[in-house]
Amino acid sequence: MMRQSIISDQDKAQLKRTFRKDLKGEVPIRLFTTRPTPLTIPGRECAYCAQTQQLMEDLSALSPKLRLEIVDFFQQPQVAREHGVERIPAIVLGADGSSRLKFYGIPMGYELAAVIEGIKNISRGVSPLAMETRKMLRQVNQPVRLQVFVTPTCQYCPLMARLAHAFALASPHVTAEVIEIQEFPALAQFYAVRSVPLTVINEHIRLTGAVPEAQLLERVLQAGYRPAQQNGDGEA
């Protein structure tokens, strides 16, 4: 019995054309999940892991440049720690062992476009950010963690998800995590998410809505730039 694909045949055809045209280099994709078991183990429930794996297998089958690796979160905890993965399902995009672009949850609805955009940007090695933004991001010298809370039905959420991922691509000090709050309600409650998209920077800076590139840059610099310490002679 053939399983039904999550991606429609029409969307598959369109994505094949897009990948054939836009993908230049290979893109590693790691999916952190858990394997289905006949018994439910408390603390290891994952309502959307199976569907997320099916979606990512369907997506990666559309181009030979997409290399999907399945990682069992509970059987391979060291790999999860190495990539900073804290919950499942988790999709990690990145070349050369990078793990700064993450998506927690199943990227359905509008959110699939954000994942595809990240794949294209990594493959082409070209940042969608303005040149001035990329230049200013070189000042970032401290870790910056962007958490973007989204839902699949929010049409403005992918704008913020793409922007956060673009910042992570442009700076080695920036990590961007897109989190689907319907799958992680406790996290949404912890951060008091009232509307989406909501972006939390280093736990204390909050941005509501899809903000312009310049506004996110200002906040990232606020969180991630520390001037060099001066010695007694006034030299760095």
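The legends below describe close-up views of a predicted model.

**View 1. The eight-stranded sheet.** The strands of this open sheet follow the order E2-E1-E3-E4-E6-E5-E7-E8, and their pairing is mixed. Strand E2 (66-72) and strand E8 (205-208) are at the edges with a single partner strand each, so one side of each has no neighbour in the sheet. From one strand to the next, the twist averages 20°. Strand E1 (residues 27-33) is joined to strand E3 (residues 90-93) by four bridges in the antiparallel sense. Within this pairing, Arg-30 stands opposite Val-92 in E3.

**View 2. The hairpin of E7 and E8.** Four bridges pair E7 with E8 in the antiparallel sense. Three residues lie between the two strands of this hairpin, and Asn-202 in the turn has a positive phi of about 50°. Leu-198 has Thr-208 in E8 as its bridge partner. In a regular strand, side chains alternate between the two faces of the sheet.

**View 3. The largest nonpolar core.** This core contains 51 residues, and Leu-59, Ile-119, Leu-146, Phe-167, Leu-216 and Val-220 have the most contacts inside it. Helix H6 (residues 157-170) contributes the most, with eight residues. Leu-146 touches several residues from elsewhere in the sequence, among them Ala-164, Phe-167, Val-200, Leu-216 and Val-220. Another core, of 21 residues, lies apart from the largest one and includes Cys-46, Cys-49, Tyr-104 and Leu-198.

View 4. H6 lies across strand E4 (101-104), strand E5 (144-150), strand E6 (174-180) and strand E7 (198-201), and runs at about 155° to E6. Helix H8 (residues 213-224) lies across E5, E6, E7 and E8, at about 170° to E8.

View 5. The whole structure holds four aromatic pairs. Phe-73 has a relative accessible area of 16%, under the 20% limit, so Phe-73 is buried. Phe-74, at 23%, is above that limit and therefore counts as partly exposed. Tyr-104 and Phe-184 are also edge-to-face, at 6.4 Å and 80°. This pair links Tyr-104 in strand E4 with Phe-184 in the loop between E6 and helix H7 (185-190), 80 residues apart. Tyr-104 is buried, at 0% relative accessibility, and Phe-184 is buried at 12%. Arg-87 lies over the face of Tyr-104, 4.7 Å from the ring centre, and over the face of Phe-184, at 5.9 Å.

Terms used
Residues numbered from 1 in each chain as written. Predicted model: local features only at pLDDT ≥ 70, side-chain atom pairs only at ≥ 80, totals over all residues. Heavy atoms only, no water. Core = buried A, V, L, I, M, F, W, Y, C linked by side-chain atoms within 4.5 Å. Buried < 20%, exposed > 50% of the residue type's maximum accessible area, 1.4 Å probe, protein only. Contact = heavy atoms within 4.5 Å. Pairing = 2+ DSSP bridges. Axes fitted to C-alpha atoms, helices over the stretch in contact; angles between N-to-C directions. Phe/Tyr/Trp six-rings, centres within 6.5 Å; stacked < 30°, edge-to-face > 60°. Lys NZ or Arg CZ within 6 Å of the ring centre and 35° of its normal. Lists of a residue's contacts leave out its neighbours within four places in sequence.
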